[in-house]
Amino acid sequence: MLRSRALLGAIALTLISSPATFAEEPDSTHADPRHAAHEHAAPRGSDHAPIGVMGDHRHAQGEVMLSYRFMRMDMNGNRDGSSRRSATDVRRDFPVAPVDMDMEMHMFGGMWAPTDRVTLMAMVPFVRLDMKHITRTGRRFVTRSKGLGDIRLSALIGLYDDETHHVHLNAGLSLPTGTTTAKDDTPAGRQRLPYPMQIGSGTWDLLPGITYSGRREAWSWGSQVRATIRTDRNRHGYRRGHDWGVTGWLARDFGSWLSGSLRLDYADTQNFSGDDDEFMPAVVPTADPNRRAGRVLSGLLGLNVVVPKGPLAGHRLGLEVGIPLVQHLDGPQLERDWTATLGWQYAF
Ligand SMILES: [Cu+2]
């Protein structure tokens, strides 16, 4: 833990103290062109990325933004590699097969910009998971877990801004605030639930990324590369897999207050390292640290709305719905079916 903190400190210092790599601000009366545009033109829906993208934009100095997102993911049926596996297939190798999982998250966010170049962001998730299973004897049971997830703190640090293009670094840290000891009743009694039913990672995780966005007339677009790097094993002796992903979007304004978007997202998650020795991976595939990896390419459709006038002027609503186009899982593992994110944002 100490080693991880020292490492994080060193990275943070490097980021803050290397001005040579950052575009110099022209002068103090001339803020970043992105924000200058915001001050003089009415806000547009497409000023922000599709709502499923985090840390896509910065704010002008002194600005605060509050946000709330509701996210849902449905996972139904198993997959091994890129082929589907029925529950009967899975139960040839395991006494218990997972058949369906629903994930819901309420995510509360805050952003604040101490300077035009740097925006700080905090995200606090509350997660609810439930998983349905079937045993070899045909008995069905459901396990549930819920609670505070891993809180994320980030700094978004401007690297380049001009009239059209914007680039910033995402330097984030995930805190081990989510539980790793969620329990529920199973046919074998009350037990610690397997890996995907645990809310937190139990580790301090680095969240590096880089975000690009651009706009020309009614069109806007952007891309973000992101990763989760686990710095250590948790107290049970495992760490979740590192992951990385890349996303790209294209949005078009329909009038000043509505925009629609298309997005592609690729996510690559590795297997876990180590294991929690309370789990028996021969019983159910979700207890196997080597059946967690996967690569998923998703396509997403989104809408962003900004209220143009009236008492709610400036409030934003976003909706984004996605389906996997290609997925390859180290299975058997529950496959992804669809995701949806509905969000609200307000800056002042
Ligand atoms: Cu914001």
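Two strands are said to pair if DSSP finds at least two bridges between them. Helices (H or I, at least four residues) and strands (E, at least two) are DSSP runs, numbered from the N terminus. In strand E17, Gly294 is the bridge partner of Thr269.

The structure is a predicted model, in which local features need pLDDT of at least 70, side-chain atom pairs count only at pLDDT 80 or more, and totals for chains, interfaces and linings use all residues. Residues are numbered from 1 along each chain as its sequence is written.

**Overall composition and confidence**

The protein chain contains three helices and 19 strands. Of its 348 residues, 38% count as buried; a residue is buried if 20 or more other C-beta atoms lie within 10 Å of its own, exposed if 12 or fewer, and partly exposed in between, with C-beta atoms placed from the backbone. Two residues are in contact if their C-beta atoms, placed from the backbone, lie within 7 Å. Among contacts with a separation of 6 or more, 68% are between residues 24 or more positions apart.

The predictor's confidence in each residue is given by pLDDT, from 0 to 100. The chain has a mean pLDDT of 89, and 88% of its residues reach 70 or more. Among the elements, strand E8 (residues 165–174) has the highest mean pLDDT (98) and helix H1 (residues 2–16) the lowest (43). The pLDDT is below 50 over residues 1–40, a stretch with 35 contacts in the model beyond near neighbours in sequence. Where pLDDT is low, the predicted coordinates should not be read in detail.

**Strand pairing**

| Strand pair | Bridges |
|---|---|
| E15 (residues 258–269) and E17 | twelve |
| E17 and E18 | 13 |
| E18 and E19 | seven |
| E1 (residues 64–76) and E19 | ten |

Individual partners can be named within these pairs. Val296 has Gln327 in E18 as its bridge partner, Glu320 stands opposite Thr341 in E19, and Met65 is partnered by Ala347 in E19. E18 and E19 form a hairpin with three residues between them.

In a regular strand the side chains alternate between the two faces of the sheet.

**Nonpolar cores**

A nonpolar core is a set of buried Ala, Val, Leu, Ile, Met, Phe, Trp, Tyr and Cys residues joined through C-beta atoms within 7 Å. The largest has 13 residues, and Val118, Met121, Leu156 and Ile157 have the most contacts inside it. At least two residues of this core come from each of strands E5 (118–135), E7 (152–161) and E14 (243–254). E5 supplies the largest share, three residues. Another core, of ten residues, lies apart from this one and includes Met75, Val127, Met131 and Ala182.

**Loops and backbone geometry**

Lys309 is placed in the loop between strand E17 (294–306) and strand E18 (316–334). Lys309 counts as exposed because 9 other C-beta atoms lie within 10 Å. Its C-alpha atom is separated by 9.9 Å from that of Trp257, 52 residues apart along the chain.

Most residues other than glycine have a negative phi, and most peptide bonds are trans. Glu217, although not a glycine, has a positive phi of about 50°. Glu217 is in the loop between strand E11 (205–216) and strand E12 (219–230), and is exposed, with 7 C-beta neighbours inside 10 Å. A cis peptide bond, with omega about 5°, joins Gly331 and Pro332; Pro332 lies in strand E18.
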